[in-house]
Amino acid sequence: MEGDARERAHVREAQGSPWPLRIASYNIHGAVGADGRRRPDRIAGVLAEIDADVIALQEVPMGGHVLPDVLQSLVKATGFHYVEGVTIDTEERRFGNAVLSRYPIIETRAIDLSFGAREPRGAVDADIDCNGHRIRFIATHLGLRAAERRAQVRRLLATFDTRDMPIVLTGDLNEWFLWGRTLRWLTSHFQRTHAPRTFPSRFPVFALDRVWVRPRERLVRVAVHRTALARAASDHLPLVAQIDR
């Protein structure tokens, strides 16, 4: 991993470009690990291992009377730009999605994916300036019921009208049925991508975390980050992808 990071840094320095760009999606489970302890430092350690340029985070505590501000701990540890995607916002707790980026985040939008009386859901929609190359990065966490996910995917697909920059959609889709409408609709829009298993972290069985890129040919690699620290830090393993020009 360290050698790969040095190689990518060398390529950037030589070419003055962000390519290859490494992105990641990580459900951090509130920074509560396999031992039941809330340890933001372990999540920060996993992010350091990954060395991604843009990271989608799900289940992120952002403060309140009963929750620590894990997001600010990760921002401090990485030094990255960030945007919050709060889905639960009360005096007791602020909680939701977030995007961390090595590169400046120049515009953001919030997509409300709430469905009836179910837990509020949403997506962070961010335009990121990667050394003069703009990408649209959408990070989400879908619901637990099939009807909920179908409605949320329809809402997401209705927003994908960008023609002048690549689109990345990533996050925890909570979908394990390969032939369900949720995945068929997304695959039809983005084309099929590799989907390794990420959950549960100790013995992964389900490919709940996904990444899609349009144009599809720019997505050159998708893999799970498996280390001892990643298996201990959350109930999901991080999904890591590489995008080229």
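The model is predicted, so local features need pLDDT of at least 70 and side-chain atom pairs count only at pLDDT 80 or more, while totals for chains, interfaces and linings use all residues. Residues are numbered from 1 along each chain as its sequence is written, and side-chain values use heavy atoms, with hydrogens and water left out.

**View 1. Helices H2 and H3 cross at roughly 40°.**
Helices (H or I, at least four residues) and strands (E, at least two) are DSSP runs, numbered from the N terminus. Here H2 covers residues 40-50 and H3 covers residues 70-78, and their axes come within 10 Å. Axes are lines fitted to C-alpha atoms, for helices over the stretch in contact, with angles running from 0 to 180 degrees between N-to-C directions.

**View 2. Who touches whom between H2 and H3.**
On the H2 side, Pro40, Ile43, Ala44 and Leu47 make the contact; H3 brings Val70, Ser73, Leu74, Ala77 and Thr78. Contact means heavy atoms within 4.5 Å. Sorted by class, that's seven nonpolar residues, two polar and no charged ones. For this tally, Ala, Val, Leu, Ile, Met, Phe, Trp, Tyr, Cys and Pro count as nonpolar, Asp, Glu, Lys and Arg as charged, and the others, Gly among them, as polar.

**View 3. Helix H4 and Trp185 of helix H5.**
H4 runs over residues 146-157, and its end C-alpha atoms sit 16 Å apart, which agrees with the 16 Å its 12 residues should span at 1.5 Å a residue (the expected span is 1.5 Å times one less than the number of residues). Glu148, Arg149, Ala151, Gln152, Val153 and Leu156 are buried in H4 (buried is under 20% relative accessible area, exposed over 50%, partly exposed in between, with a 1.4 Å probe and protein chains only). Their cover includes strands E5, E6, E7 and E8 and helix H5. Trp185 lies in H5 and is partly exposed at 24%. Leaving aside neighbours within four places in sequence, Trp185 is in contact with Arg150, Val153, Arg154 and Leu157. Trp185 and Val153 are 32 residues apart in sequence, yet 7.8 Å apart in space, C-alpha to C-alpha.

**View 4. Thr159, in the loop between H4 and E8.**
Thr159 is partly exposed, with a relative accessible area of 21%. Setting aside neighbours within four places in sequence, Thr159 is in contact with Ile111 and Arg136.
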